[in-house]
Amino acid sequence: MPSSTLAQLKQLQQSLYDKAFKEARAIVGDSSRRILSYSARFERSLPSRFVLTTQTDILDAVKQHDFILYGDFHTLRQSQRGLLRLIRSYVDRQRTPKVVIALEMFKHVDQDFIDGYLAGGLTEEAFLDGINYAVEWGFPWQNFKMILDFAKARKLPVIGINSDNAGRDLLSVRDRFAAKCLIDAAEKHPGHKIVCLIGEYHLADDHLPKAIAAEHRRRGRKGKVMRILNNIDSYYFSRQKPNSHASTEYLRLRKDFFCIMNSPPWMKWQSFALWEEMRHMGAWHTSNHEAEFDQDIDVNHEETYDVDFQFLGFVKELAGFLQVSIDSSAMESFHIHFSPRGDFISHITRDGGFDQVEANRIIGRAGGDGVYFLSRTNTILLADISINNLAEAAGQYLHGLLSGFDDYSESRSDEFLRRIIKAAVGMLASKILNPRRKCMELHHYRQLARRQRGIKGNQRSDLRARSINGILRFDRWMEIALAKGAKTITPIPRYLMLLDADSDYQFSRALGQMLGFALYKKVIANKVTTIQVKRFFRRNHNSTQSVWNDVVWLYGFMQN
C-alpha cells in the first residue's frame with residue numbers, strides 16, 4: 001500500500017496551519033508590538049529538543065514542585081481542559097485537596113467576588129457582572145467556568161493574580177504582580193500546590209519564572225517551579241512519528257519543563273481568529289443566560305463573522321484530501337443557521353418538513369452537541385460555533401454532495417443505520433481535520449459499565465447507563481451478525497431503536513462516532529487508502545441493504 005496517505009494528512013495539517021496562522025497574525029498586525037516582542041522572547045526560550053513522556057511522569061513532577069505554571073492559550077478550549085484534566089488527575093491520584101488554583105483571568109482585587117461565587121453566595125450572572133468579565137477578560141466564559149466548577153465541587157481555593165489595570169499594565173509589571181500573589185498564596189496555604197493558569201508568553205525564562213525567583217530572594221524563601229506548555233507549533237511539526245490517533249501526547253523538554261499536545265496548532269490560531277470575529281460582531285457570550293442575546297445573529301450578514309466562509313473552507317480541504325472535484329455552485333448550496341438558544345423550529349418544521357416530535361429531538365441534539373446537519377435540506381444548525389462542530393458538519397455535507405445521502409427513511413431500522421453512518425462520516429472528517437479530537441471507544445464503554453454497577457442515579461444518569469449498556473448490547477448483536485456472514489440485514493432489536501429516540505439520537509451518534517474513529521485509525525495506519533475513503537463518501541445508499549453493508553464494513557474495522 002502506498003505511504004502517500006500519511007503524507008497527504010501531513011500536507012493537509014500544514015495547509016490548515018499556514019492559513020490559520022496567517023489570518024491570526026493579520027488580526028494582530030502591528031497593533032501590539034510589545035506583545036509581539038514578548039512572544040518572540042518566549043519562542044527563543046523554548047528548548048529545541050524533547051522526548052516523549054507520559055502523564056504519570058508529569059504528575060510525578062508536580063508532586064516534587066511547589067509552583068506549577070501552566071501556559072494557557074486563552075481562546076482554545078482544549079488548553080483549559082488540559083489544565084483541568086491535570087488538576088483532577090493529581091487530586092484523585094494523591095487523594096488530596098491541597099491545591100490552590102491561581103487564574104490570570106481574575107484581578108487580585110476580585111477575590112471577594114471569587115470567594116462569594118465559589119461559596120454559592122453569588123449567582124453566575126451577578127459574579128460576572130461584579131468582576132466586569134466581558135470587558136476585563138472577555139475570553140469564552142464556558143472554557144474557564146469548568147475549572148471553577150471543579151474547584152467548587154472539590155472545595156479548592158481559587159485566587160486572582162492579575163494586576164488592578166490588567167491588560168493595560170506592561171506584561172513585565174503583571175509578571176511581578178503575579179509572582180507576589182503566588183508566593184502570598186503559598187504562605188497562606190502551606191503544603192499546597194500552587195497551580196497557575198496564565199498566558200503562555202509569561203512562561204519564558206525571563207518572564208514569570210524569573211519574577212518568582214526574584215520575589216523568593218526578596219523574601220528569603222525557596223520554592224521549586226515547574227512549567228507546562230501546550231500545543232507548541234514547532235514541536236507538533238517536528239514530531240517524526242506522532243501517534244496520529246492519540247488525543248493527547250506528553251513531551252518532556254527539561255526535568256521541570258513539559259508540553260502537552262492535545263490539539264493541532266492550527267486550531268489554536270483558528271480559535272483566536274474566530275474569537276476575534278465573534279467579539280467584534282458582539283456574538284461572544286459569557287454564559288448561557290438567554291438575556292444576553294437580544295436577537296438571533298444573522299451569520300450571513302457581511303458585517304458578521306463569516307461562518308459560511310469557514311465552513312466552505314473545511315469542505316474544500318476535505319474534498320482536496322479525497323481528491324474529488326465538485327462544481328463550486330453545488331458546493332455552496334448549504335444553509336447555516338446559528339442560535340445559541342436553539343431557535344431552529346421553523347428551519348426544521350417549515351423548511352425540512354419534520355413534525356413537532358422529530359423537531360424537538362433534533363433541537364435536543366443540536367443543543368447537546370452544538371451542531372446538527374439536516375441532509376434533507378443541506379442545512380447546518382449551530383448552537384455553538386466551534387471548529388470541531390464545523391468540521392463534523394462539513395464532512396456530512398460533503399458526503400451528501402457526493403452520494404445524495406439522506407439520513408431519514410420511512411423504515412425505522414433503516415433510519416437507525418443511516419444515523420450511524422452519518423455520525424461515522426462526521427467523526428472521520430473531524431479527525432482528518434483535527435487528529436487530536438477525542439472519541440469514546442468500546443473499551444471506554446466497558447469501563448464505564450463496570451463503574452456503574454450497583455450505582456443508583458437520577459433519570460438522566462439512568463438514560464446514560466442505558467445508553468452504555470445499549471452500546472455493549474449492540475456490540476454483541478453485531479458479533480452474532482458477523483459470525484453468520486452478515487450478508488443480509490439482521491432485524492435490529494426494538495430496544496435499541498427506542499433507546500435512540502429516548503436519547504434524542506445520542507445513542508446512534510455514539511455508535512457511529514466509534515465506527516468513524518475505527519476507520520480513521522485504519523487510514524493513518526495505511527490499511528485503508530484515501531481511494532477507499534472516497535468510495536465510501538460516494539456510495540449510493542439507495543436501499544437498506546446497501547446501508548447495512550456499510551455499517552458491517554465499518555464495524556469490521558473495530559474487530560480487526
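How many of the residues of strand β8 are buried, and which strands pair with β8?

Author: This is a predicted model, in which local features need pLDDT of at least 70 and side-chain atom pairs count only at pLDDT 80 or more, while totals for chains, interfaces and linings use all residues. Residues are numbered from 1 along each chain as its sequence is written, and side-chain values use heavy atoms, with hydrogens and water left out.

Strand β8 covers residues 257–261, and because five of its five residues are buried, β8 is largely enclosed by the rest of the structure. (Buried means under 20% relative accessible area, exposed over 50%, and partly exposed in between, with a 1.4 Å probe and protein chains only; strands are DSSP runs of E with at least two residues, and helices runs of H or I with at least four, numbered from the N terminus.) Cover is present on both faces of β8, with F257, C259 and M261 buried on one side and F258 and I260 buried on the other.

Strand β6, residues 225–230, runs parallel to β8 and is joined to it by four bridges, and R227 stands opposite F257 of β8. (Two strands pair if DSSP finds at least two bridges between them.) Strand β7, residues 249–254, pairs with β8 in the antiparallel sense over five bridges; here R252 stands opposite F258, and two residues lie between β7 and β8 in the hairpin that they form. Strands of a sheet pair through backbone hydrogen bonds, either parallel or antiparallel.

S79 lies in helix α4, residues 77–94, and counts as buried because its relative accessibility is 0%. With D72, the side chain of S79 makes a polar contact of 2.8 Å, side chain to side chain. (A polar contact is a pair of N or O atoms within 3.5 Å; within protein, one must be able to donate a hydrogen and the other to accept it, and residues adjacent in sequence count only if both atoms are side-chain atoms.)

S15 is found in helix α1, residues 4–28, and counts as partly exposed because its relative accessibility is 24%. The side chain of S15 makes a polar contact of 3.5 Å with the side chain of E317, and S15 is 9.0 Å from W266, C-alpha to C-alpha, although 251 residues separate S15 and W266 in sequence.

Burial can also be followed in helix α5, residues 111–118, whose buried residues are Q111, I114, G116, Y117 and L118. These pack against β3 (99–107), α6 (124–130), α8 (141–154) and β4 (158–162), and after α5 comes G120, with a positive phi near 90°.

Another set of strands shows pairing of its own: three strands form an open, mixed sheet in the order β9-β11-β10. Its edge strands, β9 (335–338) and β10 (371–374), each pair on one side only. Strand β11, residues 379–382, pairs with β9 in the parallel sense over four bridges, and T379 in β11 is the bridge partner of H335.

Conventions:
Contact means heavy atoms within 4.5 Å.
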